[in-house]
Amino acid sequence: MMARVTVLYFASLRDAAGVASENIEVADDLRSLYETLRARHGFALPVERLRVAVDGAFARWDDPVRDGAEIAFIPPVSGG
Amino acid sequence: MTRFALADTSIDTATLRAQLLDDRVGGYASFEGWVRNHNEGRDVLGLRYEAYDALAQAEGERVLAEAMERFDILDAKCVHRVGDLAIGELAVWVGVSAAHRDAAFAACRFIIDEVKARVPIWKHERYAEGDAGWLHPEARP
C-alpha cells in the first residue's frame, strides 16, 4: 500500500536534498524510505548514524510508513 | 510546567536563576556553554544552531524530567539558543537548585550531557578559511 508522507530534512541532510521538506508517496518501512531518499539525494550518512521521528516522536526504523505522517531523519546532534 | 526552552534571543541568566531559588534551596549549580573562537584546531568565526523544534522541546523536557527523578533536586531548567550566534555569546544554560550541593552538581552535569547527546539541535560552524559545515559527531563511547 502506498502512503503519502511529508519528509523533513535538517542540517547536512537539508543541504544535500536542497529542500527543508518534501511531500512524497512511498511504500514499505522507514528504513527503506531513508535508503530510497539517500540514493536520490546522495546523503552521506548511513542509516546506522541516524535516528528517525514520526509526528514529533522518535520511532523505530522497522515501523511501517503511515499515510499522512510527518517523518524526520535526525542526523547526529551537535547542540551544547 | 516547562523546564526546557529553545530561545532565538540572548539568554537572561539572572531571571532564570531567580526562578529556581526559594527558601528550601541550599545549593545552586549552573553550566554555561559559550561560543568559542576555535573547534578541533580550526578558527571559528561564528555559528548557527538549528533545531527540530517540536521534537527538541519534547526531548528536552524528557531530559529535565529524568533529572528530577534521578537526583535529589528541587528544580532545574535548561535554555538552548537557536539561530545565528557570534563568538562570545551564550549558547546553552543549565540551572539546578537542591538542598545540598552534591545533587545540584550531579544533576547539572547529567542535563548538559544528555541535551548534547539526545536533543535534536545541530551546529553549523563558519571557519576563518571561508568554508562552513554541519557538525555530526560520532556517538559518545
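Phe10(A) has a relative accessible area of 9% and therefore counts as buried, a word used here for values under 20%, while exposed stands for over 50% and partly exposed for what lies in between, with a 1.4 Å probe and protein chains only. This is a predicted model, in which local features need pLDDT of at least 70 and side-chain atom pairs count only at pLDDT 80 or more, whereas totals for chains, interfaces and linings use all residues. Residues are numbered from 1 along each chain as its sequence is written, chains are lettered from A and ligands numbered from 1 in the order in which they are written, and side-chain values use heavy atoms, with hydrogens and water left out.

A pair of aromatic rings is described by the distance of the centres and the angle of the planes. Rings of Phe, Tyr and Trp (its six-membered ring) pair if their centres lie within 6.5 Å, and planes under 30 degrees apart count as stacked, over 60 as edge-to-face and the rest as tilted. By this rule there are eight aromatic pairs over all chains. The rings of Phe10(A) and Trp122(B) are stacked, because their centres are 5.1 Å apart and their planes stand at 15 degrees. This pair crosses between chains, since Phe10(A) sits in the loop between strand S1 (3-8) and helix H1 (11-17) of chain A, and Trp122(B) belongs to strand S8 of chain B; helices (H or I, at least four residues) and strands (E, at least two) are DSSP runs, numbered from the N terminus. Trp122(B), with a relative accessible area of 0%, is buried.

The two chains meet through 23 residues of chain B and 22 residues of chain A, where contact means heavy atoms within 4.5 Å. About 1,900 Å² is buried between chain B and chain A, and carbon and sulfur atoms give 56% of this area, which is the accessible area (1.4 Å probe) that two parts lose on being put together, summed over both. Tyr52(B), Trp122(B) and His136(B) supply 33% of the area that chain B buries against chain A, more than any other three residues.

Charged groups also meet here, with two salt bridges between chain B and chain A, each a side-chain nitrogen of Lys or Arg within 4 Å of a carboxyl oxygen of Asp or Glu. Glu50(B) forms a salt bridge with Arg14(A), and their closest N and O atoms are 2.5 Å apart.
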